[in-house]
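Trainee: I have just opened this entry, and I would like to go through it with you slowly. Could you tie each label to the rule behind it?

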Amino acid sequence: MSLLPPTRPYIPAQRSHTTAHPPVTAAQLRRAARRVLLRNWTGASTVPSRGLYPHQWSWDSAFVAIGLRHLSAARAQRELETLMAAQWRDGRVPHIVFNPSVPLGAYFPSPDFWRSSTAGAGAGAPARTETSGIVQPPVHALAAWLVHRADPATSRRRGFLRRLYPKLVAWHRYLTEHRDLGGHGLVSVVHPWEPGMDNSPAWDGPLARVEPADPDSFRRADLAHGAPTDRPTDLDYARYVRLASDYRDHGYRDDDAPHPFAVEDPGVNALLIASEHALAEIAAEIAAEIDSGSAAGRAARDGLRSAPDPDVHRARAARLTAALVARLWDARAGMFLCRDVRAGEPGGRGEPIRERSVAGLVPLVAPGLPEEIAQTLADTLGGAHFGLGDTARLAPSYDLVGHAFDPCRYWRGPAWFNVNWLLERGLREYGHRARADALRAAVLTHAVSSGFAEYVDPRTGAGHGAREFSWTAALTLDLLAADPGGGGDRVPGRAEERVAAPAT
């Protein structure tokens, strides 16, 4: 349907700490989420939030598209197309695409720090679009497939999958060919910002090897929009800047850069597996168009040298899954652990990072895990370390009883809506429907009670970070469109369903 202009801001009523927010209907929540996405739309893409994040972010746009598809399939397609238009020639999809109309001082690191069009020219950075030089988790093929399914007729008429498919293939090829730094078949991240869980305690050990940048060499813009107690420390930030500037000074070429920070992250690799399965579905769809002899089929033939083979993607997903289990599964911990590729003996296997990050549970979203591993992950999610359904209302980003747990500080404990959306999907994938239904209800409850916050305290649901955050609103729309009793298919939501906000 068409998107109408927003009416007024959605501002949740302020209540005392002993009073519950009144329940709202799903229709009211849908309208509120819709207003957030309308407000954050720039004309070609969606910013995560107007103040703190005024540009386009890679995995944010993927999650936004998943929600936008329930409002306008064409706009959801455009969200992904805008992002992929900034893809580098080597296949990487940058984690930020900068809006040239935003003042340089509004966000750091800004375009004049990354200097992608010049420093990244040898790696194929776009000449006329400024971007960052690092990446974020590869959830884009999954998003593209879900967007297509929302309105297949429009997608086929616009050639959406046909045009995006080669770009997605190149993106996955970049990850598997340029980022297998451990040499064992998994993707390594080279900066804490790449896995999306920027400030996780899992990065503390690898970061300790990094010489911080001079604090006088940069000015943080994030502290103007959030409490310092919620944000990374100055020391951590100085190390982030050092890693990014060193990568830039090596021309963003992975074979030249030393990459002192190199970590195999289970969440990143699980999303690559899920997206390879989605690419298999996309390939099958395009092949069917070609075989049909229709106008769409002729267009697909014109755009592709041959019909894509779904089995190529299924085979790669199987190889990645085997490597994920072999390299990162820890039966004693009951979850996957990150692996520090640079730790231990030179040329060795690296060493596991003994921190319980929620990234180690995200593999639930990947089809094809051994049954006993999937069951153990579900058990760990509800156990003492993550407490979902017991001590935690939403899954925390880090171990509730861990030494570094902080319910307010960025990725060191707070619950994030995109991660909980992935876990809901994973629980449903492996047959835990009642638990998925309960998590779905909790996400909707805390999305509305927090004013679509960036993240929340996992135990109380209190909101932190930016409000009216785009992926929170978008994934609210997606969960509202889910049939809790079905197998994960998305159907129109029920207007009479009520979402209760608990007392805090």
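Trainee: What share of the contacts in the protein chain with a separation of 6 or more comes from residues 24 or more positions apart?

Mentor: Contact means heavy atoms within 4.5 Å, and residues 24 or more positions apart account for 71% of the contacts in the protein chain with a separation of 6 or more. Please keep in mind that this is a predicted model, in which local features need pLDDT of at least 70 and side-chain atom pairs count only at pLDDT 80 or more, while totals for chains, interfaces and linings use all residues. Residues are numbered from 1 along each chain as its sequence is written, and side-chain values use heavy atoms, with hydrogens and water left out.

Trainee: Why is helix α2 called largely enclosed by the rest of the structure?

Mentor: Buried means under 20% relative accessible area, exposed means over 50%, and partly exposed lies in between, with a 1.4 Å probe and protein chains only. Eleven of the eleven residues of α2 (residues 58-68) are buried, so this helix is largely enclosed by the rest of the structure; among them are W59, F63 and L68. For the protein chain of 504 residues, 61% count as buried. A helix here is a DSSP run of H or I with at least four residues, a strand is a run of E with at least two, and both are numbered from the N terminus; the protein chain has 17 helices and 13 strands.

Trainee: Which residues touch the most other members of the largest nonpolar core?

Mentor: A nonpolar core is a set of buried Ala, Val, Leu, Ile, Met, Phe, Trp, Tyr and Cys residues joined through side-chain atoms within 4.5 Å. The largest one has 144 residues, of which F63, I282 and L423 touch the most other members. Helix α11 (residues 266-292) gives the largest share of this core, twelve residues. Leaving aside neighbours within four places in sequence, L423 is in contact with residues including V358, L381 and L439.

Trainee: Why is one side of β10 and of β12 left without a neighbour in the sheet?

Mentor: Two strands pair if DSSP finds at least two bridges between them. The open sheet has three strands in the order β10-β11-β12, with antiparallel pairing. β10 (415-416) and β12 (463-464) stand at the edges with a single partner strand each, so one side of each has no neighbour in the sheet. Between β10 and β11 (residues 455-456) there are two bridges, in the antiparallel sense, and W416 stands opposite Y455 in β11.

Trainee: Which residues does a cis peptide bond join?

Mentor: The cis peptide bond joins F108 and P109, with omega about 0°, and P109 lies in the loop between β3 (96-97) and α4 (111-114).
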